[in-house]
Amino acid sequence: MSDAIQMNVLIIDDNAAIHADFDKILRSAPSTAALDDLERLALGRPLPSADLPPIAYKLDYAFQGAEALEKVRKAVQAGEHYALAFVDMRMEPGWDGLKTIEHLWSVDPELQVVICTAYSDYDWDEVLARLNRCDNLLVVKKPFEAIEVLQSANALTGKWRSERELRRHLATLEETVRIRTASLEHANDQLREQMRLRLAVELELVLAQKLEAVGRLAAGIAHEINTPIQYISDSVHFLGSAFGDLLTIVAGYEPLDNMDSAANLPFLREEVPGAIERIIEGTHRVATIVRAMREFAHPGASDKTPADLNRAIETTLLISRNEYKYVATVLLQCGEIPEVMCNIGELCQVFLNLIVNAAHALADAGRNTESGRITIRTGIVEGWAELQFEDNGCGIPPDIIEKIYDPFFTTNEVGRGSGQGLAIARAIVVDKHAGHISVASTPGMGTCFTLRLPLGVQTAGTS
Amino acid sequence: MKRLLFVDDEPQILQGLKASLYTRRKDWDMHFATGGAQALELMRESHFDVLVTDLRMPGIDGATLVARARSDSPDTIRIVLSGYADDDQAHRLVSLAHRYLSKPCEPKQLEECVDRCLATQLLIQSADLRVQLGAVGALPPMPSTFAALQRALTDPNVDSSRVAAIIQKDPAISAKVLQVCSSAFFRLPRRVASIQQAVSYLGLSTVRSMVLSAELFRPGKALSPGLDLEQMQRHALSVAAIARSLAADNPWAEEAFLAGLLHDVGFLLLARQDQDGMQRAFEAAAAGMPLLEAEQQHMGINHGVAGGYLLGLWGLPYEIVETVAHHEEPTQVAHSCLDVLSAVSIAHALLVTIHPEDVPIYELNGPALGDEYLHEIRFPDSWESLVERARALLGIPEAN
């Protein structure tokens with residue numbers, strides 16, 4: 001019976017003759033096959049578990065409770081648990097049976113126990129009260145029948161094995177559940193990442209479409225505005241020279257000089273040239289803004305081309321003046337930067353976002369043109385084109401500074417901003433231009449965004 | 001009296017021009033058309049000296065009108081005045097118009113532009129010059145690679161690979177262009193290894209200008225012993241680079257670059273025509289006589305006018321022709337703002353100050369420009385600051 005399952009059984013009795021009895025009973029008829037036969041005889045039908053392997057009992061003996069405890073402890077340590085212990089109730093001078101069981105269960109709670117007793121030292125209720133459990137326990141009255149011992153041994157070791165199996169299954173099940181959960185979480189993370197990417201791509205698309213539309217619009221508007229400016233300017237120049245001619249014609253005609261009514265020639269002579277100058281100056285300013293708007297929009301430019309970053313910042317400042325003119329004075333400290341290969345239209349969008357953010361922070365801090373300051377510094381730092389946008393506005397609280405680049409994260413009230421500004425800035429600077437964007441902020445003191453763009457030429461297909 | 005035709009689909013623009021240019025009514029006979037069709041009709045009926053047209057118009061647009069004018073009435077000066085004039089920079093140098101002006105454009109600017117175009121035309125059509133320069137055989141034709149580029153660039157779909165292919169047919173020219181690209185002026189962060197890269201980084205116009213310069217200064221031609229070809233090339237490139245940096249983001253920056261490269265091309269022409277006269281002129285200039293005077297005395301013509309005449313015959317833009325013709329004496333041409341002519345003249349004068357090693361000895365006593373001139377052309381910076389900028393651009397430390 002080399003393939004028999006071995007079950008470790010401990011016999012605890014102060015009487016050596018009892019040890020011999022157990023040896024005789026359990027060693028001589030150890031097989032479940034025998035038991036099955038027995039049962040088939042008794043019940044007239046085979047057990048469902050008829051294909052269970054046979055069992056071989058390995059017996060071990062102890063005369064005292066303390067000795068038994070030692071053996072169980074060692075067995076647990078060695079991983080060779082006893083499945084079952086037969087415990088005598090009275091074992092002078094040491095612990096009695098119940099005390100022994102208490103100790104054994106404290107080191108091996110899975111141990112099955114058969115109490116063997118000649119007297120009813122304790123009634124069942126007392127036993128339960130002492131041990132506080134009855135699920136691993138049988139009581140056999142001395143003198144016992146061989147079949148009683150065999151049956152209880154078979155039943156309890158079977159139960160012990162089943163419980164073990166059950167625990168193993170439970171553990172496997174838990175592990176399976178853990179693995180499933182982990183893979184679900186992983187799938188979930190992937191999905192979340194894909195959604196984030198998709199959101200980023202959508203943002204980019206929205207941005208590209210927006211830039212494209214703004215570009216086309218700006219070029220169209222520029223033409224529309226330049227046409228009236230052309231004839232306003234021409235007509236005003238004409239009025240200027242015509243007025244001069246008129247003065248020449250009426251010069252020396254004294255009655256006109258002395259006419260003191262609604263139309264007063266000396267007053268007109270004094271004021272009209274100034275008025276004409278103002279209109280001309282005004283048209284120049286409108287023309288400058290329109291030109292800046294067109295440069296800012298860069299219609300149709302989707303490729304990287306060499307561009308002057310300082311110039312782009314100046315243009316952006318010009319068209320965004322309305323955003324900051326009441327809350328800040330702008331200090332522009334341009335260092336020398338060679339032309340950088342970039343999509344300047346997109347970078348202008350980044351500059352605009354940073355300038356508008358600074359203006360909002362300054363407004364929130366209650367700044368005005370005296371106290372508010374936006375400082376823009378450019379230059380070459382450690383081989384990068386570095387651009388800094390610093391304000392002395394309200395600053396960014398530390399608890400949200402991590403979130404500022406998240407798409408749609410915004411502290412703006414409705415209508416002030418989409419919350420996409422910095423997400424777009426990050427996408428353009430980091431993803432599209434292989435640059436860096438970083439922020440330093442102290443609440444109440446201000447914020448400084450630093451952009452770094454590579455100076456090296458990086459165009460596809462020209463390596 | 002010159003006859004001018006103004007074309008715009010916006011009647012208000014025409015009214016404005018009519019009013020603002022009324023001071024010129026004594027020497028300009030001005031006509032106005034509210035569209036391409038009407039303009040063509042007027043041009044069929046009678047000859048105009050100058051055509052000023054908008055680009056975007058319903059029906060026959062400005063580009064079509066200018067093209068028709070060029071074929072039907074080639075000696076009419078064609079000026080585009082458009083809100084979109086800046087958008088098509090790549091084709092400005094080969095385009096059909098003589099000048100491009102952006103709306104809004106001040107009356108004074110427009111007047112100057114017309115006057116200068118008429119003067120340049122007069123130079124090109126000068127019978128005296130034709131006789132004088134044509135005396136010794138035919139004038140050289142436009143260099144072949146540049147001519148091929150000009151033709152290719154009339155195709156709006158031309159791409160950098162086709163341009164590169166044209167240039168690469170001449171290995172000597174390609175090598176020269178690449179050498180110039182890697183010079184410090186362009187501040188390219190990486191070495192340019194192919195013509196196609198040069199075209200992508202610097203743009204078609206700049207590379208085309210380099211090609212023309214390389215073809216003109218190609219070594220091996222018999223030259224007057226007084227001409228140092230290497231020095232002339234360095235000089236031309238330095239002037240071109242400074243002129244372009246002065247032009248900054250103006251739409252005519254490329255014209256300034258090309259005009260800078262070509263401003264002394266007249267020497268090459270005159271060296272073919274009259275070696276002895278040139279030698280004597282240089283000697284006189286080295287002895288202290290103003291160069292133009294010396295050239296006039298010994299050759300009967302100066303290198304500026306000779307170069308301008310040649311480029312005019314080749315069909316280069318009037319701004320470049322005018323600049324080459326008058327770079328030694330910019331104040332002879334009425335101008336009130338920074339333009340190609342003033343940028344090149346200033347660049348030349350700056351180079352004399354900061355790096356005389358790159359200026360031929362006979363050119364050292366050229367016109368002295370300074371703050372007064374900058375004020376005249378309403379340029380906001382000081383002469384001193386321009387000297388600094390030019391030093392930084394060329395990487396020349398301040399002399400102590």
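In this predicted model, A:Ile5 stands opposite A:Ile55, a residue of strand β2(A).

**Strand β1 of chain A and its partners**

- Strand β1(A), which spans residues 5–12, is mostly covered, since six of its eight residues are buried.
- The pairing of β1(A) with strand β2 of chain A, residues 55–62, runs in the parallel sense and extends over eight bridges.
- β1(A) also pairs in the parallel sense with strand β3 of chain A, residues 84–88, here over four bridges, and within β3(A) it is A:Phe86 that stands opposite A:Ile11.

**The contact between chain B and chain A**

- About 2,500 Å² of area is buried between chain B and chain A, and carbon and sulfur atoms give 55% of that area.
- Chain B contributes 27 residues to the contact, while chain A contributes 32 residues.
- Across the interface of chain B and chain A the rule finds zero salt bridges, whereas four residue pairs, both members at pLDDT 80 or more, are counted in polar contact between the two chains.
- On the side of chain B that touches chain A, helices α1 (11–20) and α9 (195–202) of chain B each supply at least two residues, and the largest share of that side, six residues, comes from α1(B).

**The surroundings of B:His303**

- B:His303 lies in helix α16 of chain B, which covers residues 303–313, and B:His303 is buried, with a relative accessible area of 0%.
- The side chain of B:His303 is joined to that of B:Asp264 by a polar contact of 3.3 Å, and to that of B:Glu328 by a polar contact of 3.4 Å.
- Leaving aside residues up to four places away in sequence, B:His303 touches a set of residues that includes B:His263, B:Phe267, B:Leu270, B:Glu295, B:His327 and B:Glu363.

**Cysteines**

- A search of the whole structure, over all chains, finds zero disulfides.
- For A:Cys348, the closest cysteine sulfur is that of A:Cys342, and because the two sulfurs are 8.5 Å apart they are too far for a bond; A:Cys348 is itself buried, at a relative accessible area of 2%.
- B:Cys117 is likewise in no disulfide, its nearest cysteine sulfur, that of B:Cys113, being 4.4 Å away, where a disulfide would need the two sulfur atoms within 2.5 Å.
- B:Cys117 counts as buried, with 1% relative accessibility, because buried means under 20% relative accessible area.

Technical notes
Residues are numbered from 1 along each chain as its sequence is written. Chains are lettered from A and ligands numbered from 1 in the order in which they are written. This is a predicted model: local features need pLDDT of at least 70, side-chain atom pairs count only at pLDDT 80 or more; totals for chains, interfaces and linings use all residues. Side-chain values use heavy atoms; hydrogens and water are left out. Buried means under 20% relative accessible area, exposed over 50%, partly exposed in between (1.4 Å probe, protein chains only). A polar contact is a pair of N or O atoms within 3.5 Å; within protein, one must be able to donate a hydrogen and the other to accept it, and residues adjacent in sequence count only if both atoms are side-chain atoms. Contact means heavy atoms within 4.5 Å. Two strands pair if DSSP finds at least two bridges between them. Buried area is the accessible area (1.4 Å probe) that two parts lose on being put together, summed over both. A salt bridge is a side-chain nitrogen of Lys or Arg within 4 Å of a carboxyl oxygen of Asp or Glu.
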